[in-house]
Amino acid sequence: MTPAPLAPQACAAAVSAAVADVFTVLEDWRDRVAAAVPLTTTTELDALVETLVLPALLGEAEPAAHRDAAQHGTAQHGTAQHGTAQHGTAQQGTAQHGTAQHGTAPHGTAPHGAPALLVGAGFIATADYRPGRPAHFAWWLGPLASNPLLGTTLSPTRLDLAARVHTEYLRDFRGLEWYRVPEATGRAHVTGPYVDHLCTFDFIVTLTLPVQVDGGTVGVIGADVSVTRLEQALLPVLLGLSAPAALVNAVGRVMISTEATLAAGDIVPNPGHPLTGYDRVPCPGIPFDVIVRRPPE
């Protein structure tokens, strides 16, 4: 018996579930880093962050959201704001969204496996965390395939800014969206999708949370989510819909698509695909929408 088509709202909920899993992992890291910051040197802090992020980058850590869902059926994560930007170059669009719940969709479920989506993660300190040093990056990249800079790597590698070109903008990293917004708002933030020209040279989404101690922000904890991996996880969900569809951010940039003429990176609406031809379904709690092509009248 052929299963009934997936409802667009269930598809949107599945997308939210995938992002919620990542935020749940980040919340745990944030709390551990915040507890350590008042007593920790940067060397010790680096060691702590490394122990947190490496299992996730290797796909060895089970997200707390998965455990919670197994026990309770649903979980929530904090509210997220959004926009689009590179680690250096921004494409704008900003709004707030409420909290997201996550569970499973009827046939096509959200992947309870945040670490499998991550290609980079770590902690970025405030400018005054170390006197005289404007930034402190404790950031790691997961194993990479055919990376233009690093080639193919089989284990996580530490981000070495000294070995990177075109990193001048990081001297004023507090102005970059993925850092600036969570520091200013005290809330979770979603940046992207965008092409990461610093680390992965790939299409990614960056999720960040502020790390606060005694009422002040000491840095931002974050993770880069591979859009390719997100597509592998969510494409079966989109294919469960009754019509061609795409996952887009708030400005209409396509991340995943089952519409043959909409490629990742395209902007909807455009002259060939006016938004009036699609039904837009918000993904609860995150700045993404599922758009589904309407049947011809």
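A cavity is a set of points, on a 1 Å grid over the protein atoms alone, where a 1.4 Å probe fits but cannot get out, and its lining residues have an atom within 4 Å of a point. The structure is a predicted model, in which local features need pLDDT of at least 70 and side-chain atom pairs count only at pLDDT 80 or more, while totals for linings use all residues. Residues are numbered from 1 along each chain as its sequence is written, and side-chain values use heavy atoms, without hydrogens and water.

Two cavities of 30 Å³ or more are found.

## Lining of the largest cavity

A18, V19, V22, L117, V205, L207, V225, L230 and F288 line the largest cavity. Two elements give two or more residues to this lining, namely α1 (8-36) and β9 (203-213); helices are DSSP runs of H or I with at least four residues, and strands are runs of E with at least two. The most is given by α1, with three residues.

The lining comprises nine nonpolar residues, no polar and no charged.

## Aromatic and charge contacts

One aromatic pair (ring centres within 6.5 Å) is found in the whole structure. The rings of W178 and Y179 have centres 6.4 Å apart and planes at 80°, so the pair is edge-to-face (planes over 60 degrees apart).

Elsewhere, the charged end of R158 sits over the ring of W140, 4.7 Å from its centre (CZ of Arg within 6 Å of the ring centre and within 35 degrees of the ring normal).

Key: 1 Å grid on protein atoms, 1.4 Å probe; cavity = no way out; pocket = protein on both sides within 12 Å on 5 of 7 lines; lining within 4 Å. Points joined across faces, edges and corners; volume = space filled by probe spheres on them. Nonpolar A, V, L, I, M, F, W, Y, C, P; charged D, E, K, R; others polar. Phe/Tyr/Trp six-rings, centres within 6.5 Å; stacked < 30°, edge-to-face > 60°.
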